[in-house]
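Morning, everyone. Let me put the model up, and then we go through it piece by piece.

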Amino acid sequence: MAGVPNSRLLLLAAEGAHRQRTLQALEELGVSPQRVRFESRRPRAEYLKLYQQIDIGLDTLPANGHTTSLDSYFMGVPVVTLVGRTVEGRAGLSQLTNLGMPELIAWTDAEFVDMARGLAQDSSRLAQLRAGLRARMQASPLMDGVAFARNIEAAYRQMCGKWCTQTPALR
């Protein structure tokens, strides 16, 4: 945020002392508390309306967003991700790969910052990404339930067949 003038951070978080601790931690990093806004949880339709106030999503660390990131893409908000070392830290990699958007996948902290800053400062690129994101998601493997079911059924058949050929008959 320090490198993007007029940027703000919107965080969905329940009421509590953790909000103040978050503000203090961000302030120690040079982020003015006036640039941070908290919103409480709300019914789904109201939650989805919040995306109208967001230009770019920053994936969470060390565990990436899962449903939240998918909601973001569906609502036309691109998410910049940093690839983690664990399964839960690689969801953004999987999602953006399935969306055909490798340009939003960072492998280092510096890349993550540069990508987010660059996207925030390129309004025409951001507008182009946002305009086609829902359609891109709807056409992607992320929303192809039939193909997912076929693929998982095939994996189960393969695992079962392997188990059957490698396991002595139960007597």
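Start with helix H6, residues 123-138. Helices here are DSSP runs of H or I, at least four residues, strands are E runs of at least two, and both are numbered from the N terminus. H6 has 16 residues, so at 1.5 Å a residue it should span 22 Å. The expected span is 1.5 Å times one less than the number of residues. Its end C-alpha atoms are 24 Å apart, which agrees.

A caution on sources. This is a predicted model: local features need pLDDT of at least 70, side-chain atom pairs count only at pLDDT 80 or more, and totals for chains, interfaces and linings use all residues. Residues are numbered from 1 along each chain as its sequence is written, and side-chain values use heavy atoms, leaving out hydrogens and water.

Back to H6. It has a kink of about 45°, centred on Gly 132. That bend is the angle between axes fitted to the seven residues ending there and the seven starting there. Leu 126, Leu 129, Leu 133 and Met 137 of H6 are buried. Buried is under 20% relative accessible area, exposed over 50%, partly exposed in between, with a 1.4 Å probe and protein chains only. The buried residues of H6 pack against H3 (67-74) and H5. Contact means heavy atoms within 4.5 Å.

Now the cysteines. How many disulfides are there in the whole structure? The search finds 0. The cut-off is two cysteine sulfurs within 2.5 Å. For Cys 160, the closest cysteine sulfur is in Cys 164, 4.0 Å away, so too far for a bond. Cys 160 is partly exposed, at 44% relative accessibility. Cys 164 is partly exposed too, at 45%.
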